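Me: I'm new to this one and keep running into labels. Could you walk me through where they come from?

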Amino acid sequence: MNRQSYTVYPRRAIFDHTLTAGARLLYGVIFTDAMDTGYCCATNQYLGDCIRVSPDRASTYVSELVRHDYVRRELGDGGERRLYPLVT
C-alpha cells in the first residue's frame, strides 16, 4: 500500500458532521491507499493500526463510510475486500 507523508481530504468529508471523527480520519487512510489502484484492500487490522483503534472499531468506521456513501465495499476475485472511495 502506498504510504505518503500527507493525506488530502475532500471538503465534503471534513465538514460532514454526520460522520464520526474516526470515520473521517479513516476515510483519509482509505483514500490515500486507493490512489494507485482505485481501491484499498487493507484489512481492519491495518486500518485500525493506522489510526490507533481496534480492528472492530475500524470495521465500524468502514460500515459508517459505506452507509453514508463515502466508500463502496466489494469482494475482489480472490475474495479480498476492496474499498472504493466515492468522494473525491
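Me: What makes tyrosine 70 count as buried?

Reply: Its relative accessibility is 0%, and buried means under 20% relative accessible area, with exposed over 50% and partly exposed in between (1.4 Å probe, protein chains only). So tyrosine 70 counts as buried. A quick word on the source: this is a predicted model, where local features need pLDDT of at least 70, side-chain atom pairs count only at pLDDT 80 or more, and totals for chains, interfaces and linings use all residues. Residues are numbered from 1 along each chain as its sequence is written, and side-chain values use heavy atoms, leaving out hydrogens and water.

Me: Why is the pair of tyrosine 27 and tyrosine 70 called edge-to-face?

Reply: Rings of Phe, Tyr and Trp (its six-membered ring) pair if their centres lie within 6.5 Å; planes under 30 degrees apart are stacked, over 60 edge-to-face and the rest tilted. Here the centres are 5.7 Å apart and the planes make 75°, so edge-to-face it is. Tyrosine 27 sits in helix 2 and tyrosine 70 in the loop between helix 4 and strand 1, 43 residues apart. Helices (H or I, at least four residues) and strands (E, at least two) are DSSP runs, numbered from the N terminus.

Me: And why is the pair of tyrosine 39 and tyrosine 84 called tilted?

Reply: The ring centres are 5.5 Å apart and the planes stand at 50°, so that pair is tilted. Tyrosine 84, at 16% relative accessibility, counts as buried.

Me: Which residues do ring pairs link into a cluster?

Reply: Tyr27, Phe31 and Tyr70.

Me: What makes helix 2 roughly perpendicular to helix 4?

Reply: Helix 2 (residues 21–33) and helix 4 (residues 55–67) pack at about 85°, with their axes 9 Å apart. Axes are lines fitted to C-alpha atoms, for helices over the stretch in contact, and angles run from 0 to 180 degrees between N-to-C directions. Under 35 degrees is roughly parallel, over 145 roughly antiparallel, 65 to 115 roughly perpendicular and the rest oblique. So helix 2 is roughly perpendicular to helix 4.
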